[in-house]
Amino acid sequence: QVPLLESGGGLVQAGGSLRLSCAASGVIFKEMAMAWFRQAPGKEREFVTAIGRSGTFTYDSDSVKGRFTVSRDNAKSTVYLEMNSLKPEDTAVYYCAGQSSITPPLNPDEYAYWGQGTQVTVSS
């Protein structure tokens, strides 16, 4: 029913780590560039990181660079987000998104497929 499904969110203390997963179904995963976005209450949806079709190309926002790592396993039709050194300002609903393009867009309006999101809460 839903082409993308996120999992792995939860409550973690500042400085801790979480691993998010996004499983795809009903889509040709290997033909899609993938991205992670997040949205906190009262704020617009924010670009986090993106990965190209093969997994070679990645692009991180300045806010997560050096702390988050995006990867994908095309055999499992799954994209991952490793989050380390988490901060309270990372608290948000995290969404995965997909688009049939060679390079992943930074604009959320360009993505055709979305998951329902998974909540990440970082306490101090």
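Predicted model: local features only at pLDDT ≥ 70, side-chain atom pairs only at ≥ 80, totals over all residues.

**Exercise 1.** Locate S101 and decide: is S101 buried or exposed?

*Solution.* 
- Start with the place: S101 sits in the loop that links strand 9 (92-99) to strand 10 (113-114).
- Next, take the relative accessible area of S101, which is 17%. Buried means under 20%, so S101 is buried.
- Now look at the surroundings: leaving out residues up to four places away in sequence, S101 touches E31, A33 and R53.
- Finally, a polar atom of the S101 side chain lies 2.8 Å from the backbone oxygen of T103.

**Exercise 2.** Find which residues A14 touches, not counting residues up to four places away in sequence.

*Solution.* 
- A14 belongs to the loop between strand 2 (10-13) and strand 3 (18-24).
- Its contacts of this kind are L86, P88, V122, S123 and S124.
- Pick S124: it is 110 residues from A14 in sequence, yet the two C-alpha atoms are 5.3 Å apart in space.
- A14 has 40% relative accessibility and therefore counts as partly exposed.

**Exercise 3.** Describe the two faces of strand 7 and how strand 7 joins strand 8.

*Solution.* 
- In a regular strand, side chains alternate between the two faces of the sheet.
- In strand 7 (residues 68-73), F68, V70 and R72 form the covered face, while T69, S71 and D73 form the uncovered one.
- Strand 7 runs antiparallel to strand 8 (residues 78-83), and six bridges join them. In one of these pairings, R72 has V79 as its bridge partner.
- The two strands make a hairpin with four residues between them, and S77 in the turn has a positive phi of about 50°.

Methods. Residues numbered from 1 in each chain as written. Heavy atoms only, no water. Buried < 20%, exposed > 50% of the residue type's maximum accessible area, 1.4 Å probe, protein only. Polar contact = N/O pair within 3.5 Å; in protein donor to acceptor, adjacent residues only side chain to side chain. Contact = heavy atoms within 4.5 Å. Pairing = 2+ DSSP bridges.
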